[in-house]
Amino acid sequence: MAISTLARRKATIFLSSRYLYNTCKYSFSITRGFASGSDENDVVVIGGGPGGYVAAIKAAQLGLKTTCIEKRGTLGGTCLNVGCIPSKALLHSSHMFHEAQHSFANHGVKFSSVEVDLPAMMGQKDKAVSNLTRGIEGLFKKNKVNYVKGYGKFLSPSEISVDTVEGGNSIVKGKNIIIATGSDVKGLPGITIDEKRIVSSTGALALTEIPKSLVVIGAGYIGLEMGSVWGRLGSEVTVVEFGPDIVPSMDGEVRKQFQRTLEKQKMKFMLKTKVVSVDTTGDGVKLTLEPASGGDQTTLEADVVLVSAGRVPFTSGLDLDKIGVEIDNAGRILVNERFATNVPGVHAIGDVIPGPMLAHKAEEDGVACVEFIAGKEGHVDYDMVPGVVYTHPEVASVGKTEEQVKALGVDYRVGKFPFLANSRAKAIDDAEGIVKVIAEKESDKILGVHIMSPNAGELIHEAVLALQYGASSEDIARTCHAHPTMSEALKEAAMATYDKPIHM
C-alpha cells in the first residue's frame, strides 16, 4: 500500500519560480470612491479584478494601509462584470431552457410550450453582477480599503497619477505598488470587433436577440461556453479553429469524448481552418476560410461572429516604460518568485504576468504577493490550479495530462470510470462523462485527474487537495464517499488506478 499522504503533511510552503507567472482576467482600473488616497500607502493596487481586489483586502487584513485603483467604476474586473460571472448566469439559464425542452418530459413534467424571454434572462444576469460588485465594495468598506475610481499610470515607482471617472486627477502614493490590470480580448488581423455583428465575449453576453447562426472563431474555454449558451437558445453554432484540436490544453482522450458530446448537441466544428477575411457589407457576416495548411478558399455566412482567440495582458497606458519595468515579447510583466518586478517596490500578479489566465489563480497570486510584502511567506503552485470548461457536461482537470506524462518519460498507470456506472448519475438521468486518474506507477502518487460530468467543476476539488498533499490513488480509493453521489465516480476511478473498481 502506498504511504498515505496524511502521514506526509508537513506544511512546507514553497513558490515554484517556474510557475510564478500568473493570471487574472480582470480589468485594471481606477476611481476615487471612499477616500482620496493622497497620503502614502503601504500598498497600492492598480486593478480591482479578482487578483487586485483580493490583494487589497488581504493587505488591509494584514494591517497595511491600502488603496485600490479601478478604472471601470465597478469592482470585480472582467471576470465579474463581463466574464466569469455573467457567462455562468447565462449558461445556467440557457441550460434550464434546454432541459425544459428536452428532458423534463422524461421526469414526468409536461407543458404545452416553453419560450425564451431574453430580456428577462439578461436581467437576471445583470442583477447577479450588480449584487456581487456592490458586495465587493462592502468588503472594501469593512476592511478599510481606500477605493479610487479612475485610470492610473506611473509617475514614479511609488506614485500613481489617476484620471478619475469624475474628470479630475489625483496622485496616489505607495511604498509598494501591485499591478493587477488583467487582460483584454485578443484581436485578429483584419477583423474589427464592433460588439454588434462581430463581437468579443463582452458583446456575446449582451446580444439583444438570438442569432439564427453564430460562428465562433476559436475553440477554447470561452468560445465553447458562449457557443453553448446561444446553441441552447436556438442558434446554429459553428466553431472555426486554426489548430487541430479543441481546448488544446485538455487531456487528449477526454477532449475527444468532449467534442463528440458537443457535436451531439449540434455544435459544428471546422478544425485546421484559417479565417482569411470577414465581410460585413451585407446584412450578415461573410467569412472567407481556407485550410490552415493552405488550399482552396470557402465562404461561411453568419448573423453574428464571436472572436474568441484568447486574451492578452492589459498594460496599456500604465507608462511602464517610464519606470523601466521589464516585459517579455508577449507583453507580460516579468516577476521573480515573490511577484516582484525588476523595479524595487513594484509587483505584478494575474494575467499581466506569464501563466494561465484564470481568476482563481489570480486570487492566489494576490494573497501570496501581499504576504511577501508583509514579511510573511506566500504559497502558490501553478501545477495545482484547476481548470474548468463550464459547458454541460462540464470538463475539469488538475495536474498533468496523459500526453504530458508520456513526454516526461514517467512510468504511469491510468484508472477510468464512466458516469454511466454511477448510481446518482443514472438516477438523475444525466450520466454522460468519465473520470480519469493518472498516477506514477511505482509510488502511486497522483499526477493528474480529469473529469467530464455534470458539476465537474465542483468534483475536481477533491483531486486538487489530493495533488496538493501528494496523495496516492489508493488514498482516495480508501476514503469513504457518501452514497449515492457523483463523487463516487472519482473513488472508483482511483480504485481502477491501483487495483480494480467495484461497480464496473
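**Sheet, annotated site and salt-bridge network in a predicted model**

Three strands form an open sheet in the order β11-β12-β13, with antiparallel pairing; strands here are DSSP runs of E with at least two residues, helices are runs of H or I with at least four, and both are numbered from the N terminus. Two strands pair if DSSP finds at least two bridges between them. The edges are β11 (273-279) and β13 (298-302), each of which pairs on one side only. On average, neighbouring strands of this sheet are turned by 30 degrees against each other, direction ignored; the axes are lines fitted to C-alpha atoms, for helices over the stretch in contact, and angles between N-to-C directions run from 0 to 180 degrees. Strand β12 (residues 285-291) pairs with β13 in the antiparallel sense over 5 bridges, and L287 stands opposite L300 in β13.

The model is predicted, so local features need pLDDT of at least 70 and side-chain atom pairs count only at pLDDT 80 or more, while totals for chains, interfaces and linings use all residues. Residues are numbered from 1 along each chain as its sequence is written, and side-chain values use heavy atoms, with hydrogens and water left out.

An unreviewed UniProt entry places the feature "domain: FAD/NAD(P)-binding" at residues 42-366; UniProt positions follow the numbering used here, feature names are shortened, and annotations may be inferred rather than shown by experiment. Over residues 42-366 the chain is 32% helix and 26% strand, and the end C-alpha atoms lie 15 Å apart. The unreviewed entry also places a "binding site" at G218, A219, G220, Y221, I222, G223, L224, E225, E241 and G310. Of these residues, I222 and G310 are included in the lining of the largest cavity (on a 1 Å grid over the protein atoms alone, a set of points where a 1.4 Å probe fits but cannot get out; lining residues have an atom within 4 Å of a point).

G220 is found between β8 (213-217) and α6 (221-232), and it counts as partly exposed at 23% relative accessibility. Buried means under 20% relative accessible area, exposed over 50%, and partly exposed in between, with a 1.4 Å probe and protein chains only. E241 lies in the loop between β9 (236-240) and α7 (252-264) and counts as buried at 16%. Neighbours within four places in sequence aside, E241 is in contact (heavy atoms within 4.5 Å) with G218, A219, M270, L271, K272 and T273.

The whole structure holds 15 salt bridges, each a side-chain nitrogen of Lys or Arg within 4 Å of a carboxyl oxygen of Asp or Glu. One of them joins D251 to K436, with the closest N and O atoms 2.9 Å apart. This pair links the loop between β9 and α7, where D251 sits, to strand β20 (residues 434-440), which holds K436, across 185 residues. D251 and K436 are both buried, the latter at 1% relative accessibility. K416 forms a salt bridge with E253 at 2.7 Å; K416 lies in strand β19 (residues 412-418) and E253 in helix α7, so the pair ties together parts 163 residues apart in sequence. Both residues are partly exposed, K416 at 32% and E253 at 31%. E253 also meets K436 in a salt bridge (2.8 Å, N to O). Salt bridges that share partners join D251, E253, E402, K416 and K436 into one network.

Note on methods:
On a 1 Å grid over the protein atoms alone, a cavity is a set of points where a 1.4 Å probe fits but cannot get out, and a pocket is an open set with protein on both sides within 12 Å along at least five of seven lines; lining residues have an atom within 4 Å of a point.
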